[in-house]
Amino acid sequence: MLSCREITKLVSESLDHPLPLSKRVSVWMHLSMCRLCSAFRRDQVVLKERISDEVEHASNEEMPEGVKLSAAAKQRIAKAIDSQA
Amino acid sequence: MEQSELTEADQSRDPSAWVDAYGDALFRYALSRLRNPESAEEVVQQTFLAGLQHQHQFSGAGSQQGWLMGILKRKIIDFVRQRNRSAQSESQTDALDTRDPLDSFFDRSGKWKQNVRETLLEPLDSVDRQEFWPVFQACLKSLPERQSNVFMLREMEDLETGEICKELEISASNLWVLLHRARLRLANCIKLRWLQEKA
């Protein structure tokens, strides 16, 4: 029997690529009995979804509107562009 | 109204107007990925300079901002690769300290530690949607450099794990370890902060 420590590692991997069948079965059996590891998996699915929602729907607005390049940085960058233009 | 939009579009073909037209949008994007204003400014500057150099390649199809954004994404990966390298050599000094960060979650027999169970059972989904993003950003920032870099490339930039290994020159098993640590800690951190703020 794999421990919670080992199972969560497999759960994490399964979020990125399909596991081989034998591992998938171990994970499935463990999760069906362990509410702690199930909670871990549930949260990781939510985390993934929330991040991708945010990234897709608000491509440039993940940072508040108020976040801007400072005037000094703008000047410096404009200067760098001018010197190369 | 239409006229001013036209002028704006015309101006945006002129590199000297780029900073005013796109600087803030690119900066916000870079900051959310790199978590540090100086680094974000640096990649924005690199993006504009690369854009200037390759201006002739911009076909005019699609927006200028979208084109610059494509360059920015590339520059962010390059920046992370460099930063990861220096983080790697730093961490070699504490490689002797072999304490696995997972030890704070699991006991010796591999079971969840008692003191993390309560937070674990609190659903992440109960965190308010509006408050999720700032809390997530703060937690991502609190992770060790290599963990946050890998997590950002995977979940925010949506790179495949194979690409991340190639870009950052790390092994697949190393990547899995970093990603897993980041995930465990992020979920825990987000919930803890959220519960604290709510209290």
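Between chain B and chain A, 21 residue pairs are in polar contact, with both residues of each pair at pLDDT 80 or more; a polar contact is a pair of N or O atoms within 3.5 Å, where within protein one atom must be able to donate a hydrogen and the other to accept it, and where residues adjacent in sequence count only if both atoms are side-chain atoms. The model is a predicted one, in which local features need pLDDT of at least 70 and side-chain atom pairs count only at pLDDT 80 or more, whereas totals for chains, interfaces and linings use all residues. Residues are numbered from 1 along each chain as its sequence is written, chains are lettered from A and ligands numbered from 1 in the order in which they are written, and side-chain values use heavy atoms, with hydrogens and water left out.

On the side of chain B that touches chain A, the elements giving two or more residues are α2 (15–34), α3 (37–53), α4 (64–93), α5 (114–121), α6, α7 (145–156) and α9 of chain B, where helices (H or I, at least four residues) are DSSP runs numbered from the N terminus. Of these, α2(B) gives the most, with 13 residues. Sorted by class, this side of chain B has 31 nonpolar, 10 polar and 17 charged residues; Ala, Val, Leu, Ile, Met, Phe, Trp, Tyr, Cys and Pro count as nonpolar, Asp, Glu, Lys and Arg as charged, and the others, Gly among them, as polar.

The rule also finds 10 salt bridges across the interface of chain B and chain A, a salt bridge being a side-chain nitrogen of Lys or Arg within 4 Å of a carboxyl oxygen of Asp or Glu. Asp24(B) forms a salt bridge with Lys74(A), and the closest N and O atoms of this pair are 3.4 Å apart. Altogether, 58 residues from chain B and 46 residues from chain A take part in the contact, which is defined by heavy atoms within 4.5 Å. About 4,700 Å² of area is buried between the two chains, and carbon and sulfur atoms give 62% of it; buried area is the accessible area (1.4 Å probe) that two parts lose on being put together, summed over both. Arg28(B), Trp133(B) and Trp176(B) supply 15% of the area that chain B buries against chain A, more than any other three residues.

Chain B itself comes to nine helices and zero strands.

Over all chains, the count comes to one disulfide, a pair of cysteine sulfur atoms within 2.5 Å. The disulfide is formed by Cys139(B) and Cys189(B), whose sulfur atoms are 2.1 Å apart. Because Cys139(B) lies in helix α6 (residues 129–142) and Cys189(B) in helix α9 (residues 172–198) of chain B, the pair ties together parts that are 50 residues apart in sequence. Cys139(B) counts as buried at 1% relative accessibility, and Cys189(B) counts as buried at 15%.

In chain A, by contrast, Cys4(A) is in no disulfide, since the sulfur of Cys37(A) is 3.6 Å from the closest cysteine sulfur, in Cys4(A), too far for a bond. Cys37(A) is buried with a relative accessible area of 0%, and Cys4(A) counts as buried at 11%.

Conventions:
Buried < 20%, exposed > 50% of the residue type's maximum accessible area, 1.4 Å probe, protein only.
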